[in-house]
Amino acid sequence: MLARSISARVMWGVTPSAFGVLVAAVFFGLSVTPSMVPRAPVLQGGLGGVVAAIGYLLWWAVVSGLRWLGLSPSRPAPVWLSQVSIATAAGIMLVSVWKAAEWQASIKAVWGLPPVEATAPVQIALIASAVFIGFLVLGRLFVVVVRRLQRRTSRFLPPRLAQATGVAVALALFWGMIDGVAVRGVLRTIDNGARLADAVIPPDLDPPISQFVSGGPASLLEWQDLGRWGRRFVVSGPSADDIVAFWDGPALEPIRIYIGLNARETPSERAQLAFDELIRLGGFDRSVLVVAMPTGSGWLDPGGMDTLDYITRGDVATIAVQYSYLPSPVSVVVDPTNGVAEAQALFDIVYQYWSALPRNDRPRLYLHGLSLGAFLSQETVPLLDLYADPIDGALWTGSPYLSELWQMVQARRNLGSPAWRPRFGNGSLIRTMNQFGGLERFGADWGPMRFVFLQYGSDPIVFFDWSLAWDRPDWLAGQRAPDLSPQMRWIPVVTLFQVGLDMAVALGTLGYGHDYVARHYITAWAETLAPEDWNAEDEARLAVHLADLVPR
C-alpha cells in the first residue's frame, strides 16, 4: 500500500521522480553546449530550465504511457537506486555549469569577444533551477486538472476513454490559456510598445531641409507619417557635400523616399504614395533606382544604405515602405507573410513604369532587403515574367530561413560547396558571400541580372529550420563557417531550442550573427552594382571611412 502511495505521488508530480530528475539533468547538460551565438547567463539559465523541463516531461510521458498500457513494474525502484540517480543528476549539473563557461568562451573566441564572467556558472544554475521548478509546478497543476476531469467523465465513460478525454480537455484548456492569455498578451504588449515608439518624435529630431527626401520641403508626406525608422532614414546618411569630400569629385544629393505604415490605409495606397514621391523627386532620372524592403520594425540598415550612396556617388534613388512595427524575429514567428502585399504592390508599380521607359533612358533597377525585408523582396521577383525585361539585380542580406529562394540555393548548391556559403549554378545569376569572401568568379561571367546573397555563417535567422529537431543540418557537417564554435554539435531536439533562442539574441556584435556591417555591404554592393572604375583601393578607403558607422 505504501509503495503504491509513493508511486502515485511520484507519478502525479507531488514528489519529483529521481529518474525524471536524472533525465532532466542530462537535457540541461546538453542545452549548455555551444550553439551559434554566445548567450548571457540569464538566457542560458532560462534555456537550460526549459530544456530540462522538456526532458522531465518526456520521461513522465513514457512512464505514464507504460502505466496506462499496464506495462509498468509492479514494485517501486529500490531507494538506493533513486539516491544514485539524484547524485548522478547533481554531478551532471555541476559538470555542465562548469563546462558551460568554457563552451560559451569557444563562441566568444571566434567572435573576438571578452571571456565569460566568473559568476556565470552560478547564475546559470540558479536561474535554470528556478525555471525548472516553475514548470514542475505547472505540470502538477495540469495533472490535478486531468484527474478531476477523469473523475467526472468516468461516471458515464469507460475508464480508459475517461482518462483520454481528461487529458484531451486539459490540453485544450491549457493551450487556450497559453495561446490566448500568455502569448497573445506578450505579443499585444510588444505591438503596443512598438506602435508608441514608432509615433514618438524625439525633440532633437527636426524635419529634413533637403528637398530630395520624404518629409522635406514640398513633400507629399507629413513628418509624423514617416514613422520612427523612416524619419531616421531620411535625415541620416551622407549629403552631396560628404560624398564630394570623399571622392574629391562631383556628386549628387541621394534621393531617399520612405512611407510610414500610418501614412495610408492599404498597401496599394502606400505604394502609390511612394511612387508619387519618386516621380516628384525625379527618381527615374537617377542612374540607379533601388526598391528596398525594411526589416519588420521598419528599419533600414545604415550600413547598407550609406554604402550604396557613396558607391553610386549620390546618383541613386532609394524607395521603401513600412509594413509592420514588430522586430523581424517577432514578425517571422507571428506572421511572416504580413508584408508580402506591401512588397508586391511597391515592386509592381515601380517595375511597370520603369519597364515602359526607353531602355537607354532609364535607371538601373535593383532590389534590396535585410532579414524579413530580404524574404519579402524575394517574394516579389517573378523570374519568368522578368525574362523579357530583366531588372539589373538585387542584394539580399541575412535572408531568413523561410525564404524559398534561399533554401533552393542551399539545397541545389554545387557539389563541394558548404551550405553556409553555397555556390549555385555557374555563377551567372546568383552568388553568395559572407564576411570571409565568396564572390570570386566561377563557371561564367555575370548575366543580365546579378543576385547577391550576403549572410554570416553564424546567423541563426538564416540557418534555423524546424528539421533541426530530428536532422543534422548541412552547415554543421564537414567544413563549418569560421565564425561558428568548433565545439558546436548537433543534438536532436536540443539544437532546435538552442538555435531558436539564438534568433532572439543574434544582434549586438557587429560582423557576426545577424548584425551586418558596412565593410561587408561595400563588397556586396560593389559586386551587385559593378560601378565604373571601382577598384580594391576604393573599397578599402570606403571601409575605413565608414568604420565607425554604428547601425543603431
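Start with strand 5 and strand 7, residues 450-454: they run parallel, and 5 bridges join them. Within that pairing, Gly393 sits opposite Arg450 in strand 7. Keep in mind that this is a predicted model.

Now the other partner. Strand 4, residues 364-370, also pairs with strand 5, in the parallel sense, over 5 bridges. Here His368 faces Leu395 of strand 5. How does the chain get from strand 4 to strand 5? It goes through helix 13, residues 372-379, in a right-handed β-α-β crossover.

So what about strand 5 itself, buried or exposed? Mostly covered: 5 of its 5 residues, 393-397, are buried. In a regular strand, side chains alternate between the two faces of the sheet. In strand 5, Gly393, Leu395 and Thr397 point one way. Ala394 and Trp396 point the other way.

Trp396 comes back in the core. The largest nonpolar core has 114 residues, and Trp396 is among those with the most contacts inside it, along with Ile319, Val350, Ile391 and Trp475. Helix 12, residues 340-356, gives the largest share, 8 residues. Look at Ile319: its contacts include Phe275, Leu289, Leu346 and Val350. Apart from this core lies another, of 13 residues, including Phe28 and Trp103.

Last, the whole chain. There are 18 helices and 7 strands. Of the 552 residues, 50% are buried. Among contacts with a separation of 6 or more, 73% link residues 24 or more positions apart. The chain exposes about 25,600 Å², with 62% of that from carbon and sulfur atoms.

How values were computed: Residues are numbered from 1 along each chain as its sequence is written. This is a predicted model: local features need pLDDT of at least 70, side-chain atom pairs count only at pLDDT 80 or more; totals for chains, interfaces and linings use all residues. Side-chain values use heavy atoms; hydrogens and water are left out. A nonpolar core is a set of buried Ala, Val, Leu, Ile, Met, Phe, Trp, Tyr and Cys residues joined through side-chain atoms within 4.5 Å. Buried means under 20% relative accessible area, exposed over 50%, partly exposed in between (1.4 Å probe, protein chains only). Helices (H or I, at least four residues) and strands (E, at least two) are DSSP runs, numbered from the N terminus. Contact means heavy atoms within 4.5 Å. Accessible areas come from the Shrake-Rupley method with a 1.4 Å probe; for residues, only the protein chains shown count as cover. Two strands pair if DSSP finds at least two bridges between them. A crossover is right-handed if, with the strands pointing away from the viewer, the path from the first strand over the helix to the second runs clockwise. Lists of a residue's contacts leave out its neighbours within four places in sequence.
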